[in-house]
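The notes follow in the order in which I checked things.

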Amino acid sequence: MKKLLTAAALSAVLLTALTSCSAKTSSSQPTASERDVFAMDTFMTMKAYGDGAESALEAAEERIRELEAELSVTAQDSDIAHINRANGAEVEVSRDTALLVDAGGKYWVETDDALDIRVYPVLREWGFTTGEYHVPDEATIAELLRKVHSGDIAVSETSVQIPAEAEIDLGALAKGYTGDEIMAIFRDNGVTSALISLGGNVQALGSKPDGSDWRVGIKDPFSPDENMCVVSISDRAVVTSGNYERYFTGDDGKVYWHIIDPNDGYPADNGLVSVTVIGESGLRCDALSTALFVMGTDKAQNYLCEHTDVDAVLVTDDGRVLYTDGLSDSLEMKSGMPAEVIVRD
Ligand code: AMP
Ligand code: MG
C-alpha cells in the first residue's frame, strides 16, 4: 500500500496568515511574541501583540497540552480513551470533554447526521488514526457501521456514557475549541491583537496592530502549496477541511481521504474537495467545515442559506469556487478558478 501523504501537520502550517508583520518590527510598531507548538498531531503557530503577550503564549501552550491530554483518541490515558474502553459504563471526564461530546451530539442533529463523533471505528479501520492505511472490505464496513449506530450518547457536565460497542473521536472539533480557548486566554492577559494557526484552523483576535484586517490565505486543494484566495478578517476563525490534508492511494489507484461519510462508511465524496468556514466561534467553524464537506455541494449550500451566522468557501471536485455573499468585500481570488457567489437573504 502506497502511503502518499500524511502531511496534514506540515502543510497546515502553510495555511498561515499572509501578514506583513514580521516578528521584530520598527519602533512605531508593537513587537510580536511568537510561539510554535507541535500538538494534536499538527504544527501550531501563535503570534500575539501587547505587554501580556509572553505570559499569554505560555498559558496558551499549557492549555493546548492540557486539552491534548484530555481529548486525544490515541493516547492511553485521555478522557476519550477511558470512554472508549468503558464498555458502556459512565465515565467521569473533564468539563472540556463533556462540553465537546455534548457539542458533537448537537452538531450531529444540526447537520442531519453529517458530523458524527461515533464514526471512529470506521475511521480507524481505514487507518486514518494509525497510519496503517487500507481499503476495508464491504462486510467490515457494514459491521463497523452497526457499531457506529449502536446507540445514543449520554452527557452530563462531568460525565459521558456511550454504548458498549461504540467509540468516539473529537478530531473534527478539538482544534476549533482549542482556538476559542486560546482567544479567551489572550483576552484575559490583555492581548488585543493576535493570530494563531492550529493546523488548518486560523483564528484572529482583533485586527492587526495597525488596525487593518488580517489576511488569511485559503489553499488551492488541487495545488495545496498555493493559495487560491485570501480573506480579510478580524475577530474570526477560518477553518478548512480538505481532502488533501490526509489521504492515501489504495491498491485500486483511487485516492481515499480522512473525512468519512457516516451514512456509508466511505470517505465523503459528495462533490466537494475543500470547505472553509469563517465565523466567530472556532468550534462552530470546525464542526461545520467537516459537516459541510460530508454534506456535499447541494446540501452544504442549502445549509449555508439557512445559517447565515457563518460564511464559507466551497471548492467542488470539478474546480469551481462557491462562496457566500458575506465575503463579497473581503475575499480576493488568487487563482484562475471560476468563482460564484452563494446569495442568501
Ligand atoms: P477536520 O479536519 O476538522 O475536517 O476533521 C477531520 C477529522 O474528524 C478526521 O481526521 C477524523 O478524526 C474526524 N472525522 C472524519 N469524518 C468525520 C465525521 N463524519 N464526523 C465526525 N468526525 C469525523
Ligand atoms: Mg472540523
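I looked up T290 to begin with and found it buried, at a relative accessible area of 14%; buried means under 20%, exposed over 50% and partly exposed in between, with a 1.4 Å probe and protein chains only.

I noted that this is a predicted model, in which local features need pLDDT of at least 70, side-chain atom pairs count only at pLDDT 80 or more, and totals for chains, interfaces and linings use all residues. Residues are numbered from 1 along each chain as written, chains are lettered from A and ligands numbered from 1 in the order written, and side-chain values use heavy atoms, without hydrogens and water.

Next I checked the magnesium ion (ligand 2). Its protein donors are A172 (O), D286 (O), D286 (OD) and T290 (OG1), at 2.1 to 2.5 Å. Donors here are N, O and S atoms within 2.8 Å of the metal (3.2 Å for Na, K and Ca); water is not among the atoms, so the site may look incomplete. A172 is in the loop between β6 (159-161) and α7 (174-188) and T290 is in helix α8, so the pair ties together parts 118 residues apart in sequence.

Then I turned to ligand 1. Which residues come nearest to ligand 1? I listed D169, S241, I260, D286 and T290, out of 17 around it; a residue counts if one of its heavy atoms lies within 4 Å.

I also found an oxygen atom of ligand 1 at 2.7 Å from a side-chain N or O atom of T290.

How values were computed. A polar contact is a pair of N or O atoms within 3.5 Å; within protein, one must be able to donate a hydrogen and the other to accept it, and residues adjacent in sequence count only if both atoms are side-chain atoms. Helices (H or I, at least four residues) and strands (E, at least two) are DSSP runs, numbered from the N terminus.
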